[in-house]
Amino acid sequence: MTTQRASFWRQYFYFFMSLLIAATVVYGFSHTIDHNLLHPSPLPPFVLYIHAIVFPGWVVFFMIQSALIRSHNVRVHRTLGWFGVGLAVAIVVVGFLTATGMARFAIQQKDPFNSASFLIIQALDLGCFAVPFALAIYWRKKPEFHRRLMLIASCALTDAAFGRVPWLPLLWSPAGVDALICLGMIRDLIVDGRVHKVYLYALPIFIVSQIVAVQIFVHSPQWWMNTANAILR
């Protein structure tokens, strides 16, 4: 039975995770998409609509790439991967423009939420995606590194979705990201009997970065508010 379980998770884990990430994104954003995107009042900046195309595009891309590996279409997976590089760059650029654009919009609308301070959380999300993705490309010829780093990068993008779940406090949304990454660690224990060092480095860095970012957001130190306001000018 143990051997069968290990074989199942070896073959299907990453595809399963792509579906779980997609389900998380759909569930999280389903609570706000109507008010914020489909029937907003007033109309938000146009970049939000671009973001609404690019961000789900990555989720679909990750699902396709996982399915290609599962079906042993490695050549197509590698070719399509270069499209993924462009898509990842677009996520970072559009993500930054969306974060700053929506912060300016919220300030203009006199939204009581501290959008300027919240930029630290959004910057962390982009960094937690960009760094693992860049390392995944660097180690693309080392599958054991590549696949885990791609998973970690994709998990990082779910923070915004967890932040929209009504029953989950906003400041606990990073815990959802970490929980997804922990599933990768559990998979390693089942399949390999040990946790790969990619997780042993990445997860503690994620947790420390998340704690620091949340503390900055909550306490809004003057040095960060000066920085955020300079970015939003």
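This is a predicted model: local features need pLDDT of at least 70, side-chain atom pairs count only at pLDDT 80 or more; totals for chains, interfaces and linings use all residues.
In this tour, Ala, Val, Leu, Ile, Met, Phe, Trp, Tyr, Cys and Pro count as nonpolar, Asp, Glu, Lys and Arg as charged, and the others, Gly among them, as polar.

**Stop 1**

Start by selecting Ile69, His77, Pro143, His146 and Arg147. The second largest pocket has a volume of about 820 Å³, and of its 26 lining residues these five, Ile69, His77, Pro143, His146 and Arg147, are the closest to its centre. Which of them provides the largest share of the lining of the second largest pocket? That is α3, with six residues.

**Stop 2: the largest pocket**

Next, select Asn36, Leu48, Met102, Gln122 and Arg164. They lie nearest the centre of the largest pocket, which is lined by 44 residues and has a volume of about 1400 Å³. Two or more lining residues come from each of α1, α2 (33-38), α3, α4 (74-108), α5 and α7 (159-162). Keep α4 highlighted, as the largest share, eight residues, belongs to that helix. Colouring by class here gives 27 nonpolar, 13 polar and four charged residues.

**Stop 3: the largest cavity**

Time to go inside. The structure holds two cavities of 30 Å³ or more, and the largest has about 40 Å³ of space. Select Leu124, Asp125, Cys128, Ala156, Asp159, Pro174, Val177, Phe206 and Gln210 to display its lining. The elements giving two or more of the residues that line the largest cavity are α5 (115-138), α8 (173-191) and α9 (197-219), and α5 has the largest share, with three. How do the residues of this lining divide by class? Six are nonpolar, one is polar and two are charged.

**Stop 4: the second largest cavity**

By class, the lining of the second largest cavity holds six nonpolar and two polar residues, with no charged ones.

Terms used
Residues are numbered from 1 along each chain as its sequence is written. Side-chain values use heavy atoms; hydrogens and water are left out. On a 1 Å grid over the protein atoms alone, a cavity is a set of points where a 1.4 Å probe fits but cannot get out, and a pocket is an open set with protein on both sides within 12 Å along at least five of seven lines; lining residues have an atom within 4 Å of a point. Grid points are joined across faces, edges and corners, and a volume is the space filled by probe spheres set on the points. Helices (H or I, at least four residues) and strands (E, at least two) are DSSP runs, numbered from the N terminus.
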